Amino acid sequence: MKFATSFAISALALLGANASASADIKIGVTLPLTGYAASYGEDARRGVELAVDQTNAAGGIKGQKIQLVIEDDAGAGKVGVAATQKLVSIDKVPVIIGGMMSSVALPASQIARSNKIVYLSTTSSHPDLTSPGGFIYRLASSTAAQSSTAVEFSVHVLKAKTAVGLFAASESGLVASKTIETGFEKQGGKWFASEKFQTGATDFRTQLAKLKAHNADILFISATHKEAAQIFRQMVELNFKPKVMGSSFWYDPTILELAGETANGVHFTVEAGEDNPEAKKLNAEFTAAFKAKFNKDPGITASYFYDAAQLAINALKNADPSGPAIDRWIAQVKSYPGVTGHISFTTIGDSIIPITVRKIENRKFIETGFTRTTK
Amino acid sequence: MLSQIVVNSIVSGAIYALLAFGFTITYGTLKFFNMAHGVAFTVGAYLCYFFRISLGLDLPWAVSCAVIGTAVAMVLVDLVAYARLRARHAPSWAMVVSSLGVAIFLEATLSLVFGTDTLTLRTGATKPGLAILGAIITPTQIAILLVSTVLVALLTIYLHMTRRGKALRAMADDSELSVVIGVQPRATYMSTFALASGLAAVAGCLVALETDLYPTMGHSALLKAIVASIVGGIGNVPGAVFGGLFLGFAENFGIWKLSSGWQDGIALALLLIFLLLRKSGGFLTRKAS
C-alpha cells in the first residue's frame, strides 16, 4: 500500500515535470553519435550545444529555455530515418538540424517536409536534396558546385590534361564521380579511369596501383579526411605522385595531423565563406568560445551545426515555434552572418556560396585565391 | 603490375590467415563461434597504442605487452562471461550471443577511453617503399609477412609437439573422450582463448601500424576471419591459413580485374559459395570413425 502511494506520487511528480519540460522550446538534431562518422558527430554536437548554451545563458528565447533533442543517426539512412521519425512524431519539434551525411539527409528531409517541419541540412552535398516545396534548406554547397570549381581549377590553373579518379562508393562519391568525369571531359581533358572503395576502407593499394599505371596528370579523390590520410600515405609508399584534387571533407585540422608531410601539395575545394571581415570576426569569436568551453578547436561540422542552430534560434526568436512559420522566416533570410560565411538561400533552399580552392603544405591550409560562385 | 597485386594479396592474406587461425581453433576446440574475435584484434591494437604512445615503450615491447594484455583480458572475459554458461551446459547460440555482448561492450569501452577519432601509431615520416621485382613493398609489410610466417610455423609446432597443443587438438576431435583420457578442460579452454586472442592482437598491432586505429576496426577483421575459416573448413587449422591467403588473393585480384566497388562483396560472395559447396565449409577432411 505504501509502495503504491509513493509510486503514484512519483508518477504524478514526473508528469508534472514533463509538463513544464514540454513548455520549453525544442530543437531536434540528428547526427552520427556512433559508427564511421562518430568523430564528425562529436564535433557537430559541440557546435549545436555551444549555440544553445550561449542563447540559454542570455535568457533563452522569449524567456523560455531551448531544449535540444539529440538523436543518433549513425550516418546511415535507416537509423537516420528512425531518428527523424521519433523527433517528428514523439518530440514534435518544429525544426530539425541534421543532414550531415546525404544518406540520412535525403530520406529524412522528405519526412520533415511531409510533416511541415523545417529541415536544416548541414553538410550533405547531394544535388537531389533540394527541390521546390519548401521546408528543406542546405547550408553547405552541393557536390555539383564543388566539382565544377575543382575541374576548372585543374584544367586552367594546374593545366592538367589527363585525369584518373578515386571515389568512395557512397552517395557523395557517386555524384562526385559523375560530375567530375563529365565536367573534366567537357573542359577538353581526357579521363582515363575511376576506381571505387568502400566507405571506411583503409587499404587502397590495389586501386592506387591500377590508377598509377595510367600516368595521368591529376588524381581526383572523393574521400573523408581520415580515408584521405591513408590514401596520401599509401601514395607516397607506392611512389605515385600526380597532382591531387579533393573536396571540402578535407578541411579539417585532423588531416594535417594524420597525414603530416604526405599531404603536401594536395588541393581541395571548400566553401569560401570566411573571406569577409565580418565573418572573420565572428569566426574568431566562435573559435575562442568553442575552445573555452570544450578545450578543442572546432572542425568544419561544428561550424555548420553552430550556424544551423543559430539560424533555428533566430527563426524561433522572430516567428512562432511552428514548422510553417519557421519555414517562412528562413526563406526570406538574406546575408545572415554565420561563422561559415554570409548565408542566403535560393528559392529551392540551396545556399548561395562561393567555392574556393585551398592547398595543404607543411601541415597548414593555404589559400590559392581561386574562387568561383556557383549555385 | 601483377607483381604489385601479388604483394598486396600476400600481405592482406597473411593478416587474414592470422585472424582465421585463432578463430578456427576457438571453434574447433570449444565449438564456439566467437563473435568477440574481432574485438580482440581491436583491443590488441589499442593496447599497443597505449604502451607505445602513452607510455613511450619501444615497439617490440609495446607489441609484446599488447599481446599479453589482450590474452589476459580475453581469459578474464572467458571466466566472467562464458565459463558460467558452459557450467550450465548452455546451448552454443547462447555463447554466441554472449560473445556479441562482449564485443559491443569492449568496443564501447575503448571508444570511451580513447575517443572515437582515428589514432596513429606511426612516429616517423612516411617514405616510399622498397622496389623489389617490380613491386613496391614497405618495411611494415615485410614485417607482417615475417611475423605471420614465424607465428604460423611456431604454432603448428606447438599444436603438434607440445602436451598442451596436443590437448587442444584432442579436445577439438572429441571433447568427452579427451576428458576421459586426462585432458584438463579448464586449462585447455584458457589456453585456447589466450592463443586465439593473442594471435588476433598481433594482427591488430600489425594492421594498426599500417593503417591506424579506430574503434570499429574489428568489424571487418571478424568478417574476414569468419570467411577465411569457412573457406578452409571451420576447425581445420591448415585450412584457415589457406583460407586467409585465398581471401587476400581473391579480394585483390577481384579489385584488379572487376570494378573496385565490389571489394567487400567478394568476401561475402566467397562465403556464400563455400557454404553452399560443403555444409561445414571447404576442405574439412572426414575423420576416421
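User: Which handedness has the β-α-β unit made by strand 1, helix 2 and strand 2 of chain A?
Analyst: In this predicted model, local features need pLDDT of at least 70, side-chain atom pairs count only at pLDDT 80 or more, and totals for chains, interfaces and linings use all residues. Residues are numbered from 1 along each chain as its sequence is written, with chains lettered from A and ligands numbered from 1 in the order in which they are written. Helices (H or I, at least four residues) and strands (E, at least two) are DSSP runs, numbered from the N terminus; a crossover is right-handed if, with the strands pointing away from the viewer, the path from the first strand over the helix to the second runs clockwise. The unit of strand 1, helix 2 (residues 38–57) and strand 2 of chain A is right-handed.

User: How many bridges join strand 1 of chain A to strand 2 of chain A?
Analyst: Two strands pair if DSSP finds at least two bridges between them. A:Val29 has A:Ile70 of strand 2 of chain A as its bridge partner. Strand 1 and strand 2 (residues 66–72) of chain A run parallel, and the number of bridges joining them is seven.

User: In strand 3 of chain A, which residue is the bridge partner of A:Gly28?
Analyst: Strand 1 of chain A is also joined to strand 3 (residues 95–98) of chain A, in parallel, by two bridges. The partner of A:Gly28 there is A:Ile96.

User: How many of the seven residues of strand 1 of chain A are buried?
Analyst: A residue is buried if 20 or more other C-beta atoms lie within 10 Å of its own, exposed if 12 or fewer, and partly exposed in between, with C-beta atoms placed from the backbone. Strand 1 (residues 25–31) of chain A is mostly covered, and its count of buried residues is six.

User: Which residue in strand 4 of chain A stands opposite A:Ile97?
Analyst: A:Val95 and A:Ile97 point one way from strand 3 of chain A, A:Ile96 and A:Gly98 the other way. Four bridges join strand 3 of chain A to strand 4 (residues 118–121) of chain A, and the two run parallel. Opposite A:Ile97 stands A:Leu120.

User: Which helix gives the most to the side of chain B that touches chain A?
Analyst: Residues are in contact if their C-beta atoms, placed from the backbone, lie within 7 Å. The contact takes 26 residues from chain B and 28 residues from chain A. On the chain B side, the largest contribution is four residues, and it comes from helix 1 of chain B.

Notes
Two residues are in contact if their C-beta atoms, placed from the backbone, lie within 7 Å.
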